[in-house]
Amino acid sequence: MLTLWRRNGKGNWIIRGTVAGQRVHQSTGTDKRRLAEAAKTRLENELLERSIYGRPATVTFAEATLTYLESGGEGRFLRRVLEYAGPDTLLKDIDNDWLNRAARELYPDAAPATVNRQLITPVSAVVTLAAEDGLCEFRRFRRRSAKGGRIRWLTPEEAERLIEAIREMHPHILRPVAIMLGGSARSAEALKLQIPDLHLATGEAFIREPKNGADRMIQFPARAVALITETELPEIGPVCLTPKGKPYVIRANGGGQIAGAFNACREAAGLGRDVTPHVLRHTWATWFYAQTRDFGRLMDLGGWKKADMANHYRKLAPEDLGDRLAAHGWDFTRAEFRRPAIRPGARPELRAIK
């Protein structure tokens, strides 16, 4: 059986011994004897049950989550789920009823889309990987209906108010906002963009290692290029820098690095809290299609592999949107880059941009 031990009588207790033919030597993670005894007893019972019923019957959700994270899975929303599940919830007991109870406890007032994104999607990912490893059966989880929700996009007039507020309050985020609004980039993609990958002469940028893993070339209208070059660009390194002139620290699901400054400018522009940095990507898709009606290029430039996802970003817009965009200098047909011809190494002609 198992015993508790610690080196020189100090530090965390160690569990060691043999149960059902399996040798054990692992830390309890605590120096308190009472907690260590509880951990030892729980481990003994778990190993005995596995020797009788097999691992699929006894593997816990916490264990399956650890395997999922070690395999490169996204852990952004799993901490709260793990705290709710605790160390003893079995993987086989994770079903729709369990998710309903977890949703009521963790997200009592959340919108259906939030429950889907922060609870059902990560739990489904953990269970699916475990099923692929033979630790449980494949199962389908019921998602909340989020129909009727309207995801925000900016009108050209709202965008102009936001740009002016950024100029006055936080000019360091004008460049990433221009890259997102004019070129379809996600927040993290804009903040990671490097000088060698920005091609001003053709109004393009190469996006490396995006969220979906497929590199792509994005294109800017001349108005976006004018905003990107409104202040002097660095000679090397990232295109976008913090107010202190330092590169942004890129995180998984990035974009929060500019959220504080963006939110302040959004409020100064008289826009609601539903306007987030990610709304700029919805705005780009809506603007681009309104002017070009080119769905194939929309998918290519936006980096979407499925038409329904591109349609999710492309919103219904009034017939005059293309003309209103043109009036503010946004030309997604990129006619400015075709007349006159651009000399190698020269910047595009921007004299018509106000």
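Student: What makes α4 roughly perpendicular to α5?

Tutor: In this predicted model, helix α4 (residues 78-85) and helix α5 (residues 96-106) pack at about 110 degrees, their axes 11 Å apart. Angles run from 0 to 180 degrees between N-to-C directions, with axes fitted to C-alpha atoms over the stretch in contact. Roughly perpendicular covers 65 to 115 degrees, so α4 and α5 get that label.

Student: Which residues make the contact?

Tutor: From α4, Arg80, Val81, Tyr84 and Ala85; from α5, Trp98, Arg101, Ala102, Glu105 and Leu106. Contact means heavy atoms within 4.5 Å.

Student: What share of the protein is buried?

Tutor: Of its 354 residues, 45%; buried means under 20% relative accessible area (1.4 Å probe, protein chains only).

Student: What is the mean pLDDT, and where does pLDDT stay under 50?

Tutor: pLDDT is the predictor's confidence in each residue, from 0 to 100. The mean is 86, and 88% of residues reach 70 or more. Residues 350-354 stay under 50. Where pLDDT is low, the predicted coordinates should not be read in detail.

Student: What rules sit behind these values?

Tutor: Local features need pLDDT of at least 70, and side-chain atom pairs count only at 80 or more, while totals for chains, interfaces and linings use all residues. Residues are numbered from 1 along each chain as its sequence is written, and side-chain values use heavy atoms, leaving out hydrogens and water.

Notes:
Buried means under 20% relative accessible area, exposed over 50%, partly exposed in between (1.4 Å probe, protein chains only). Helices (H or I, at least four residues) and strands (E, at least two) are DSSP runs, numbered from the N terminus. Angles under 35 degrees count as roughly parallel, over 145 as roughly antiparallel, 65 to 115 as roughly perpendicular and the rest as oblique.
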